[in-house]
Amino acid sequence: MLNRLLFLLPLLIFAVIAGYFTVPILTKKDPHLLPSVMIDKPAPPHDLGPLLEDKPGVGPEALRGEVKLVNFFASWCGPCRVEHPILMRLAAETDLPLVGINYKDQRDAALVWLRELGDPFGRIGVDGDGRAAIDWGVYGVPETYVVDASGHIRYRHVGPLTAQALKETILPMVEQLKAAKG
Amino acid sequence: MIRSIILALVLVVLSMPAFAVEPGEMLKDPALEARARELSKEVRCLVCQNQSIDDSNAGLAKDLRVILRERLVAGDSDSEIKTFLVERYGDFVLLKPPVKAETLFLWYGPFAIGVLGAIGVAVFLLRRRDGGGDEAVPMPLSDDERKRIDALMSEQDRKA
Amino acid sequence: MIAEIGHYALVLAFFVAIAQVVVPLYGAARRDTALMGFAAPAASAQFLCIAIAFGALMHAYITSDFSVANVAQNSHSLKPLLYKISGVWGNHEGSMVFWVLILALFGFAVAAFGRQLPDSLKARVISIQGLIGLAFLAFILLTSNPFERLDPAPLDGRDLNPLLQDPGLAFHPPMLYIGYVGFSLAFSFAMAALIEGRVDPAWARWVRPWTLAAWTFLTAGITLGSWWAYYELGWGGWWFWDPVENASFMPWLAGTALLHSAIVVEKRDALKAWTILLAIITFSLSLMGTFLVRSGILTSVHAFAVDPERGLFILGILIVAVGGSLTLFAVRAPALKAGGLFAPVSREGGLVLNNLILSVATVTVFIGTLYPLFLDAMTGDKVSVGAPFFNATFVPVMIPLLVLLAIGPLLPWKRGNLRAAVEKLWVSALFTVVVAGGILVLEKGAPLAPVLGFGFAAWVAGGVVTELTERIRLFRIPLGDSLRRLFNLPGAAYGMSLAHLGMAVFICGATGEMNWTRELVATARAGDTLTLGQYELVLEKVERSQGPNYFRDMATLNVSKDGVPYATLHPERRLYPVQQMPTTEAAIRSGISGDLYVAIGEGSDLGGYIVRVWVKPLVPWIWAGAMMMVLGGLFSLSDRRLRIGAPKRSRRRPAAPAVTEAGD
């Protein structure tokens with residue numbers, strides 16, 4: 001009997017392994033998507049100088065007070081160009097504050113970029129050497145964070161924003177955080 | 001050599017990221033630089049899948065290499081630097097996962113399976129033990145097969 | 001038109017495969033010779049169909065027929081002919097056709113050379129082989145048709161990834177696949193044996209040469225891949241413990257265990273169920289490798305384009321094939337008769353330990369490779385398991401194997417005397433101590449790794465030489481007789497010694513490279529001198545020129561060693577405009593003591609170039625060791641006792657001085 005069980009063992013082990021193979025395939029999990037460990041932690045208190053003369057930079061106090069989106073972008077980044085219209089529409093249609101962080105960019109190129117495509121941001125800080133981004137746990141631009149009124153990071157979106165992600169995940173979360181505050 | 005490093009310090013700032021570790025990043029203290037190299041072999045390049053930052057030419061890898069060296073110069077220990085990285089990027093950033101509850105099976109699983117296997121093999125070997133006689137189980141072969149095998153084995157089994 | 005012929009040939013192969021599976025299996029169950037006899041011609045027809053399909057695809061590549069989508073996506077009219085050909089298997093669809101081609105080739109080989117196999121076994125083996133083929137043909141036809149047309153056809157193709165445009169990588173996949181897929185035959189033999197309910201020495205003799213052939217090709221394939229990574233990626237590394245590398249390494253480890261356990265079945269009629277299980281596991285790991293590489297569930301630097309539908313399909317094949325075979329194993333294997341008895345200390349005992357260690361090594365690689373996946377599914381946590389983990393776990397696991405490697409072959413079958421065996425090894429023990437001590441003194445006692453590495457290499461090499469001198473009874477009988485014995489040793493004995501010695505040589509290479517590599521990274525301008533160890537390198541110039549489908553910056557470095565002119569090296573940096581991808585072409589000067597490895601980076605606007613120089617001691621020993629293993633496999637294959645299928649056989653050799661058993 002024990003002998004029989006022993007011969008069954010390889011099959012049982014394989015069943016477990018096959019289960020582990022099946023789940024990510026069926027759920028279409030993307031192994032490249034990584035959760036941020038910064039969720040629910042205070043946003044890093046950097047003092048990033050302004051990109052534009054007439055718009056403030058991003059200091060530690062700028063991230064507190066109300067719920068907001070923080071968007072890391074650069075003029076050399078293709079996907080940023082893709083998501084830009086969505087940010088523009090967001091700025092036009094809602095009163096959600098948008099904070100831009102210009103990542104490892106040339107100032108002139110960034111200025112041209114904003115002039116061409118429009119500027120959706122209320123404040124833009126310059127992260128010239130990418131150090132602030134590393135403290136945020138940024139992998140690459142674009143990335144967008146939801147930061148709540150107490151200055152804690154609540155959500156991270158990797159890659160270009162999509163209308164769907166905005167509607168289904170980000171905006172509901174923003175509403176929820178606003179409600180929690182009020 | 002020293003001249004080229006100084007030259008490099010001037011040049012690399014302006015050049016595009018090209019290669020893994022670049023001359024301009026390297027520390028002057030060879031012992032510290034060696035530590036930096038060893039440490040960066042254990043840090044994953046986050047954007048390029050399965051490469052260490054030491055092997056990668058990605059921008060983020062370069063930034064992390066530079067930060068790592070700065071902290072080494074500032075006197076941080078290896079584990080302090082790892083903690084710094086894990087706080088921002090999670091355990092994912094380490095190519096050698098830390099030993100903790102979730103990774104117990106990773107680190108000790110092979111060892112445990114080895115021990116179990118060794119016990120199994122020991123039991124098996126003791127049960128298989130030869131009493132000194134010849135084979136206990138006759139081979140169930142037909143005459144025809146027996147002939148063929150005999151022909152095949154005859155050349156080399158003479159001694160056995 | 002030709003592409004359509006290829007497509008039809010694939011469809012035809014699919015239907016032939018159905019017949020190949022059903023008719024012989026039914027015939028074997030009914031003991032109907034005529035129906036069983038259908039197996040061989042079906043396997044031949046199967047091979048022919050797939051060969052036609054493969055030929056058609058190759059024709060499309062060679063003639064740059066960009067109306068075929070696969071060609072348009074992976075080739076370019078300017079690409080050199082060699083890479084047009086290798087482009088056939090450089091992409092997912094083409095490589096799958098190649099996969100089934102090899103599968104059918106092995107089925108055909110059984111049909112053609114397996115004349116001595118009992119009819120029922122042969123019919124069942126070919127049937128199972130057909131079943132695997134059937135699954136993958138369905139996969140190709142339903143999800144990965146390589147003959148899909150484009151209308152309108154593009155003017156030119158998108159080119160092959162330039163990293164793959166390299167002679168080393170042109171031959172790496174075919175070798176690897178022949179090895180990988182070749183294990184299918186061991187699997188088919190195992191299934192057939194389970195269905196028949198009988199495993200005996202004759203069975204092992206039939207399985208062994210095929211397994212050995214697959215193992216030999218796999219070894220060559222992995223080595224070529226490693227060599228390619230070494231010179232092409234420009235990082236100077238040769239093994240990265242990447243999931244895709246591990247995917248080919250696991251079948252190698254399990255296949256190595258299988259080779260050794262099959263010897264026990266052959267010689268002593270023991271370890272039968274285990275050997276069957278190993279045959280199943282080895283091919284299952286090959287299948288799993290195919291799944292991992294193509295499903296995208298693990299991240300790797302060199303995975304194929306990811307497609308969840310394809311992943312699901314291969315997963316289905318994997319579950320049916322492995323689940324089915326293990327179920328059959330659970331049902332039928334307990335009934336296998338236990339075979340010959342042996343003492344714990346015996347050749348059999350040594351081979352059992354060999355299998356234990358190789359299995360644990362396989363498990364270590366398996367857990368390490370798949371742990372990120374498991375943990376993610378369990379807790380959602382993300383971890384990375386990379387080279388530092390494997391170096392810390394795999395290497396210690398293998399050390400007992402090296403100790404055993406010298407002792408095992410000295411033990412006689414059935415019952416041995418450990419003390420007698422160890423006493424025979426006193427010379428190699430002395431050799432080991434001298435080598436390890438020498439390294440210790442040389443290194444001033446600092447790191448222990450090279451001392452251990454070279455010590456174990458010396459132990460293994462000493463063991464091989466001891467075994468050989470024992471075999472020919474050197475110094476115990478007249479020298480002439482010993483030499484005659486040496487020349488009359490069977491191929492398998494040479495094979496074993498060569499492969500084991502290759503292991504020792506490989507360890508030396510790996511130890512030297514890992515512990516003694518020296519590196520210099522600097523920015524240099526024309527005329528600058530770089531110094532590393534004994535080498536002085538002068539960067540003469542960097543010139544820009546154009547290749548067939550790329551631009552290049554080629555540097556000229558004059559190297560002197562200890563002040564004496566040594567070499568002129570030309571490392572390149574290439575840009576392939578079609579894929580907008582730069583590659584490095586390192587310049588390597590190899591010698592028996594190691595490599596001098598130079599790569600250049602991009603030039604900066606101010607005229608300097610980043611130059612990386614490595615002195616990598618003993619690297620050629622890595623390749624030499626692996627090639628010795630391959631040669632060992634070939635020598636063993638040449639052993640006439642393994643060529644059972646050969647139509648003309650055994651003119652009996654006159655009673656030469658008795659020769660001991662074949663090697664392991």
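Predicted model: local features only at pLDDT ≥ 70, side-chain atom pairs only at ≥ 80, totals over all residues.
**Notebook: the A–C interface and a sheet in chain A**

I then sorted the residues on the side of chain A that touches chain C, and they divide into 16 nonpolar, 2 polar and 3 charged.

I next looked for salt bridges across the interface of chain A and chain C, and the rule finds 0.

I turned to the extent of the interface. The size of an interface is often given as the accessible area lost when the parts come together. By residue, I found 21 of chain A in contact with 33 of chain C.

I moved to the strands of chain A. In what order do the strands of the open sheet stand? I read the order of the 5 strands as S3-S2-S1-S4-S5, with mixed pairing. Strand S3 (123–127) and strand S5 (153–158) of chain A each have a single partner strand, so they stand at the edges and one side of each is left without a neighbour in the sheet. I recorded an average twist of 20° from one strand to the next.

I then examined one pair within chain A. Strand S1 (residues 68–73) and strand S2 (residues 98–103) run parallel and are joined by 5 bridges. I also looked up the residue opposite Asn71(A), and found Gly100(A) in S2(A).

Note on methods:
Residues numbered from 1 in each chain as written. Chains lettered and ligands numbered in written order. Heavy atoms only, no water. Contact = heavy atoms within 4.5 Å. Salt bridge = Lys/Arg side-chain N within 4 Å of Asp/Glu carboxyl O. Nonpolar A, V, L, I, M, F, W, Y, C, P; charged D, E, K, R; others polar. Pairing = 2+ DSSP bridges. Helix = DSSP H or I, 4+ residues; strand = E, 2+ residues; numbered from the N terminus. Axes fitted to C-alpha atoms, helices over the stretch in contact; angles between N-to-C directions.
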